[in-house]
Amino acid sequence: MKKLNLKLNLLIKLIILLFLVLSGLSLAVIFNSGTALSAITVSESGNELRFSNTNQLYKGDSLTGVFTAKNNYLGIIYLKFDNVKNLDYYNQSDFIFRIKKDGDKSWYAVNKYKSGIIYNNNYFPFGFPPIRNSQNHQFVFQIISLNGNKTNFIKIDTSVFNFAASYIIPKSEITSNISSLAIFFIRKAFYSLNNPYFVLNSLKYFIPALFYFIWITLLNRFTQIKYSLSLISITMVILDIVFLNDIYSGILLGAVGLWIWSVVLYKLEYSLSILVSLLLILLGTLTLNIANPSMTDKISTWGYLFFVSGIGLAIYQSSNTKSNYITMRRFLKDLSKI
Amino acid sequence: MLADNGNKMFSIIPSKKQSFYISILNVLSIVIILWLPYYLFGDKLYIGGDDTKLLYSYPFDYFRNVSFFSWFSLSSLPMYDSAQFSLPLASLLAILLIIFKSSIVINHLAFSLTIIFGLIFFQLLTQEIIENSRSYRIEIFLGSLFYVLSPILMFDQYSNFYSSVWLIGLIPCVGYFYIKFLKTKKFKFIFFNIIFCTLLSLGLAAIPWLLGTLLSLLAGIVFLFFRLKNKLEIISLSTYFFIITLLSQAFWFLPFFMSYLITGKNNAASQIFSDNIAQSFNGTVLTTASGNIFYPLLNLFHRQIAFDYSWPLALVFKYFYDKIYYLNLVYVFILMLGLILFKPIINKKETNVYLFILIFFTISLYFFTVNIGPLKYLFLLLGNLPGFVMFRNFYDKFTLGFCLSYAILITFSLILIIRKYKKWRYFLLLIVFILILVNAIPIKQIVDKPLWTAKNTATNINLPIEYLNFLNSVKNKIGTTDNVLSLPLNSAGYAVISDSNSKGVYAGTSPLKIFTGINDYAGDLSFGQIYSNRINKDLQDKNYKDFENVLKRLDINYVILNKNIPKSVKQSFLFSGKLKTQDENFVKSITDKKLLSSSHDNYQLYSTKIHSSIFSGGNITFKKINPIEYHLTINKVNNNTSLIFVNPYNSGWKLYLDKNQLKCGLVIHSIDSSKQCQSQNTINLLDDIKYITSPSLNTVHINYLNYANKWKISSEDIIKNFPKNDYSLNKDGTINLNLTVYFFPQFYFYLGVVISGLTFVIISLYLFYEKIKLKA
């Protein structure tokens, strides 16, 4: 009984420690996520974007976005672009960004840009003087291509969360008293956690906790239910390919880590990793002309990672001939029984 | 286990018969490869591009004006960069030119030889690494075809034909002799290796491609090292092999290496490791890393980048590979099936080799693709390693390693599958053979590609007689110390020469230097960043006065105007941006008299309005002996005389006091107080030894105006430190001096030749001794 209490005590301490470490890391990410400390960035839905033609903007084409400001001091609109070609200055196209309150006749801010500015800067921040009383007002912004052509057009990413609004709160207002400071931090944390990109990008920090959680609580169940860990890993891969546009290292590390764990746990032969890799490569190749490029990239990445894990396991298992590994055939047979 | 009985169990055709059939197939293949350039380029030369490829058609000119000296400026890419690696091949081709008497024949032969070397040495290498290989000669032959006919190599190597193309044969060649040496410990394999390495040293000097392959091999080597039992023996044998190989290459490697050690703004190292190149690493990688692993696995080049940059390859994809690419999934199945099957089929020794190749392949696939999730950022991080920036065009530098590893792996996998399912052997081999041939169908469209976006402009051309005659007249008209401005300027340092009888153009590094020894400034790249920005601004602002100042500063006294550039090329990126502003008014503003005109008036030579001299700073008479040696007499030197030498600054240029009076002969120029005698263009090794062994004049040598060399000479110092017969004293206290300006790093070439020669002699003597000992 005493032993059990000691274990429980240690476990609780470990969990608290992990929680603190993760909270610290998450906070570090929240307040170091590329925007000013005093900025609150709110993710908006891409469903509110309207294209005059397609999401590739040629001469005269435009994109119009409408959204309601969640805070005062609206100062930046982030818009997600697909990468442009690296062209010299003279061959880049020009485009303008403008913004106004819905209903206003004149534009509050109009700025002209060269398409090259988006190069390697896909989530591009369009800045303007902060609008003091912006909260709850509806705003309209536009991107208009002035001379885009086949070579130098700009292209807007069409994923759901492809734009965000950022509010630059004056430092004097944040630090005026303790309650406004606390409210600011809570709001910042709240909106960060509501930002899917932020959450997905932060996943990698949770991997140790996830693995630890599986180890202390679910491992027995996973051992009992044959290949469950492998199936979870593969399900993660499928879900990632189907539902997520971008690549998140947290998900990659998590799924590959789970796969390798499952291979060790169930003593699976390396050939199974090779089979998964082969299936992914087949899927990727056969859908080359159908799938969108980001999905193709994703399948390619997964295919390579499983291939590498297969090679690593082949090296390990080739020098460790004593163990009886579960072959690909037996795995598939067992799986069909389940 | 099974492999031990491999010979009995798996050979279907007896080894001897297989060897006979394979010999016939190899001979047939070589004949077809020899015919291939005639199919691709007809009776035109395959020339142009950054490397000019003129070495393969005009080896004598290349030898004379480029290969021999450690200092050369090819189309004014001003750098101390040795080019002696091209000497053996230039010599061989020169001999072949004497025999065949046709530039076209040796040009086409050079093209074929790169493929033939690859075909033969790939087979030799795989025969050494696969056990019981005699039973699998057909598989190995197919593997070699898979390698040399890879669409990736076709596009990246054959269609560019940089010097790295020789590595297609040279890497398997070195691998083969290395393994043979490890197995037999016979020095004759080192000897054969150094012969091939010397002959193809041009390929070895393609350092980024070579290092790219070695980098992909590195993890595999570490793995193999830990798996090997006789580590010490391997280390000592490897040391012998590679040290001797390196010593044999000293004739080019030593001057090449020294060019990286000697500091200076204009040496090769400073160009390659410049901030500009370093800063462009991330940008280049991020914009070009758009591929995926599927196309390389299908043995195809990255499709996306071809479309992103509108390369002619995009059309080949559109009309051909996009329709058949899924057939190449057969390769993926072979690769994966081999991998799944390998464990029970092969023994421990073969397993190690197989895993080594797998590691080599996996890493080269990553380096060739880069765009693999977060691994892309790992590659960007690697960009912080010193020198790693050379791999910013990863899709090019890692191609050879990828193609070689994939071909060996496919060969290995084929053998593994056939060992397991022997009745499928011929069916499988036939499928693979057909696939290789089908993939090679668009070779003409890939290799004989049009000039960039100018779809109807071919790149193979015989240089027009009009142009060659014009160059000959230019050579006779002006001195080789004068620089020439080639107009219209373009964004590279290219010359565009069009053939009136065909749609072809030569678009490549300006050949003026190769044919005449005269250096020209042909484009943005010729000027270096500082002057390039300045002339672009001058063009934009129509500030032709300042443009003339730049010409004066760079010792540019002549202008060659090319009036024969096709419209399609003028509309290409080569003449985009500010370069479009070069109009007649611009030409008129900077030129003086028309001196020469070609037979059809397509090429004209003008003098510039302001004249300058390569040497200035006093009362000077000078004579160019060769590109690394100038003799001069400088009169009335006082305590504060400056000697300015308008050649890109390098600390390797040294001043020597000469006791002999300059024999001027004909004076061809007289600008201000500087007289130029007719150039000599000779090499006197005794003179060279004299400069190497005697101390140079200890004066201050500085980089003048970010470009030229400037020495401060003090008569007081000379009077104090040198005997009276080294100078003549004037009544006014000034002195007259005979000086030699010599590029000292040429010494490393001579030293390298001695080291290489000694290496060959010692190895030959050792082999001779061994033979005698064996007979006794």
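B:Asp50 sits in the loop between helix 2 (15-41) and helix 3 (59-67) of chain B; helices (H or I, at least four residues) and strands (E, at least two) are DSSP runs, numbered from the N terminus. The model is predicted, so local features need pLDDT of at least 70, side-chain atom pairs count only at pLDDT 80 or more, and totals for chains, interfaces and linings use all residues. Residues are numbered from 1 along each chain as its sequence is written, while chains are lettered from A and ligands numbered from 1 in the order in which they are written.

- B:Asp50 is partly exposed, with 16 other C-beta atoms within 10 Å.
- A residue is called buried if 20 or more other C-beta atoms lie within 10 Å of its own, exposed if 12 or fewer, and partly exposed in between, with C-beta atoms placed from the backbone.
- Leaving aside residues up to four places away in sequence, B:Asp50 touches B:Gly508 and B:Thr509; two residues are in contact if their C-beta atoms, placed from the backbone, lie within 7 Å.
- B:Asn328 is 278 residues away from B:Asp50 along the chain, and 33 Å separate the C-alpha atoms of the two.

## Confidence

- Chain B has an average pLDDT of 88, and 94% of the residues score at least 70; pLDDT is the predictor's confidence in each residue, from 0 to 100.
- Within chain B, confidence is highest in helix 16 (residues 294-297), at a mean of 97, and lowest in helix 1 (residues 6-10), at 43.
- Over residues 1-11 of chain B, pLDDT stays under 50, and the model has 22 contacts beyond four places in sequence for them.
- Where pLDDT is low, the predicted coordinates should not be read in detail.
- For the complex, the predictor gives a pTM of 0.86 and an ipTM of 0.87.

## Overall form of chain B

- Chain B contains 34 helices and 20 strands.
- The C-alpha trace of chain B spans about 100 × 65 × 55 Å along its principal axes.
- Of the 776 residues in chain B, 49% are buried.
- Among contacts in chain B between residues at least 6 apart in sequence, 80% join residues at least 24 apart.

## Strand 20 and its partners

- Strand 20 (residues 735-743) of chain B is mostly covered, since seven of its nine residues are buried.
- Strand 12 (residues 629-637) of chain B pairs with strand 20 of chain B in the antiparallel sense over seven bridges; two strands pair if DSSP finds at least two bridges between them.
- B:Glu629 has B:Tyr742 in strand 20 of chain B as its bridge partner.
- Strand 14 (residues 653-657) of chain B runs antiparallel to strand 20 of chain B and is joined to it by five bridges, with B:Tyr656 bridged to B:Thr740.
- Strand 19 (residues 727-729) of chain B is also antiparallel to strand 20 of chain B, with three bridges, and B:Leu729 is the bridge partner of B:Ile735.
- The hairpin of strand 19 and strand 20 of chain B has five residues between the strands, and B:Gly733 there takes a positive phi near 95°.

## Backbone details

- The peptide bond from B:Leu487 to B:Pro488 is cis, with omega near 0°, and B:Pro488 lies in strand 3 (residues 483-490) of chain B.
- B:Asn132 is not a glycine, yet its phi is positive, about 55°; B:Asn132 belongs to the loop between helix 5 (103-129) and helix 6 (137-148) of chain B.
- B:Asn132 is partly exposed, with 19 other C-beta atoms within 10 Å.
- B:Ser310 likewise has a positive phi, near 50°, in a residue other than glycine; its place is the loop between helix 17 (303-308) and helix 18 (313-324) of chain B.
- B:Ser310 counts as partly exposed, with 15 C-beta neighbours inside 10 Å.

## Contact between the chains

- 27 residues of chain B are in contact with 32 residues of chain A.
- On the side of chain B that touches chain A, helix 15 (275-288), helix 16, helix 19 (329-345) and helix 20 (348-369) of chain B each give two or more residues.
- Helix 19 of chain B gives the most to this side, with six residues.
- This side of chain B divides into 16 nonpolar, nine polar and two charged residues; Ala, Val, Leu, Ile, Met, Phe, Trp, Tyr, Cys and Pro count as nonpolar, Asp, Glu, Lys and Arg as charged, and the others, Gly among them, as polar.
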